[in-house]
Amino acid sequence: MNMRAARYHGPGKPLSLESVAVRPPAYGEVLVRVKAAGICHTDLHFLNGVLNLGISPLTLGHEIAGEVAELGEGSVGVTVDDRVLVSYYATCGRCHWCRTDRANLCPQVVAEYGFTADGGYAEYVVVPAANLVRIPAVLDLAEAATLGCSVTTAIHAAGTIARVRLGETVVVYGAGGVGFGLIQYCKLAGARVIAVTRSAARRAKAAELGADVVLDGTRSVAEEVRAQTRGEGADVVFELAGVRATMGEAINALRRRGRLVFVGYSADQLVVSPLQLVIGEITVTAAVGNTLEELLQAVDLAAAGRIRAVVDRRVALEELPATLEALQRGEIVGRAVVVFP
Ligand SMILES: [Zn+2]
Ligand SMILES: [Zn+2]
C-alpha cells in the first residue's frame with residue numbers, strides 16, 4: 001500500500017509531495033491513520049537548517065492525531081479505530097533519565113517521530129502502541145493534535161522547569177502555539193501573565209486566553225515589564241524567540257532571583273555579563289520537549305476545558321508548503337493543522 005506524504009530532503013529544499021510505501025507495524029507498533037498534524041515552528045528550523053539532524057528523506061510532522069488502523073503483533077492498550085494522540089518520543093525506557101520521569105532527555109531515543117523517524121505529514125504513521133494516548137470524545141482531532149507539542153511543551157516549561165508559583169509574575173515572550181499554552185497554564189498556576197508579541201492579532205488572542213497585560217514586542221520590553229511590576233521585574237521570563245533582540249530584553253526584564261527559561265532558539269548567541277547574573281542571582285535555564293506524563297496532563301486539561309488549543313486554520317496536505325511560508329511570515333495565530341479527510 002502507498003500513501004501521500006510531504007517529504008523533507010534537507011535544509012534549503014522545499015517539502016515535496018510524494019507517494020511512499022506504508023510500512024507495516026512491527027512488534028509492539030501500531031499503524032495510525034493520520035487525521036490531523038499540527039504545523040510547528042520547529043519545522044521551519046528543519047527547512048532553514050537551524051536544526052539539522054542529518055536525516056533525510058523524512059516525513060516531518062510531530063503533532064499527530066488519528067485513528068488506529070492496524071495493530072502490530074504484541075501491541076497492547078489500544079484497539080482498531082481508537083482516536084489517539086501520538087507522543088513523538090520513543091524513548092529507551094531503561095536509562096537514568098527515562099527511569100526518573102525525564103524521558104525528554106533520554107540519550108538513547110529510539111525514534112522521534114517527525115524529527116528522526118517518519119512523522120505525521122502523511123496519510124499513515126507507524127509508532128509504538130506505548131506512545132499512544134486516547135483522545136476523549138469531547139476533543140476535536142485537530143485541536144488534540146496541537147496539544148502534542150505546543151501545550152505539552154508549555155506544561156513542561158512552566159510546570160516542570162520553571163515551577164511557576166501562585167502570585168508570581170511571568171512574561172511569555174512570544175505568542176505562538178507554545179506561548180498560548182504558557183499563558184493559559186501560568187494563569188491556572190495562579191501567576192500574573194504578561195504576554196509580549198509584535199502581532200496585533202496575537203495580542204488580541206493572548207488577552208482572550210487570559211493574559212493580564214499584553215505588550216507590543218516592538219517597544220522596550222524590559223522597561224515596560226518594570227513599569228508593570230512597580231520597577232521589580234518579572235519572576236520568570238519564557239523566551240520563545242531566542243534571538244539577539246529578545247534575549248537582551250528578556251534578561252533585563254527579570255526580577256532578582258528571576259528565572260530566564262529558553263524554549264525558543266536561533267543561531268544567535270546569548271551575551272550576558274556574569275556580574276548581572278551574580279548580583280541578581282539570576283537563573284538561566286531551558287526546557288526541551290516534554291514527557292508522556294505531561295502529555296496526559298495536557299489532554300486532561302484540554303478535555304476539562306481548562307486549556308484551549310488555538311487552531312488558526314485547517315489545511316490539506318497539498319497546502320502545507322504554502323502554510324509553512326505563511327508561518328514564516330508570522331501570519332498564523334496559534335497553530336495551522338494539516339487535516340486528512
Ligand atoms: Zn513542535
Ligand atoms: Zn532512556
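Predicted model: local features only at pLDDT ≥ 70, side-chain atom pairs only at ≥ 80, totals over all residues.
**A walk from strand β1 to the zinc site**

Within the pairing, arginine 4 stands opposite serine 19 in β2. The two strands belong to an open sheet of 3 strands, ordered β2-β1-β4, with antiparallel pairing. β2 (16–21) and β4 are at the edges and have a single partner strand each, so one side of each is left without a neighbour in the sheet. As background, the strands of a sheet pair through backbone hydrogen bonds, in either a parallel or an antiparallel way.

Side chains of opposite charge can pair when their charged atoms come close. With a cut-off of 4 Å between a side-chain nitrogen of Lys or Arg and a carboxyl oxygen of Asp or Glu, the count here comes to 20 salt bridges. One of them joins arginine 4 to glutamate 123, with the closest N and O atoms 3.8 Å apart. Glutamate 123 sits in the loop between β8 (111–112) and β9 (124–128), while arginine 4 is in strand β1, so this pair ties together parts that are 119 residues apart in sequence. Both ends are partly exposed: glutamate 123 has a relative accessible area of 24%, and arginine 4 comes out at 29%.

What does arginine 7 meet in a salt bridge? Its partner is aspartate 118, and the N to O distance is 3.0 Å. Here too the pair links distant parts of the chain, since aspartate 118 is in the loop between β8 and β9 and arginine 7 in strand β1, 111 residues apart. In this case the two ends fall into separate classes of accessibility: aspartate 118 is partly exposed at 36%, whereas arginine 7 is buried at 10%.

A further salt bridge takes us elsewhere in the chain. The side chains of arginine 335 and glutamate 63 meet at 2.9 Å, N to O. Returning to arginine 4, salt bridges with shared partners join Arg4, Glu123 and Glu318 into one network.

Now for the metal. Which residues coordinate the zinc ion (ligand 1)? They are Cys40 through SG, His62 through NE2 and Cys149 through SG, at 2.0 to 2.2 Å. Along the sequence these donors follow the spacing C-x21-H-x86-C. Cysteine 40 lies in the loop between β3 (29–39) and α1 (41–48), and histidine 62 in the loop between β4 (58–59) and β5 (63–71), 22 residues apart. Cysteine 40 and histidine 62 are both buried.

Finally, turn to a pair of helices. The axes of helix α2 (residues 141–161) and helix α8 (residues 292–303) come within 9 Å and cross at roughly 105°. That makes α2 roughly perpendicular to α8. The residues of α2 that take part in the contact include Leu147, Gly148, Val151 and Ile155. On the α8 side, Leu295, Ala298, Val299 and Leu301 are among those they meet.

Conventions: Residues numbered from 1 in each chain as written. Chains lettered and ligands numbered in written order. Heavy atoms only, no water. Donors = N, O, S within 2.8 Å, 3.2 Å for Na, K, Ca; no water. Helix = DSSP H or I, 4+ residues; strand = E, 2+ residues; numbered from the N terminus. Buried < 20%, exposed > 50% of the residue type's maximum accessible area, 1.4 Å probe, protein only. Pairing = 2+ DSSP bridges. Axes fitted to C-alpha atoms, helices over the stretch in contact; angles between N-to-C directions. Parallel < 35°, antiparallel > 145°, perpendicular 65-115°, else oblique. Contact = heavy atoms within 4.5 Å.
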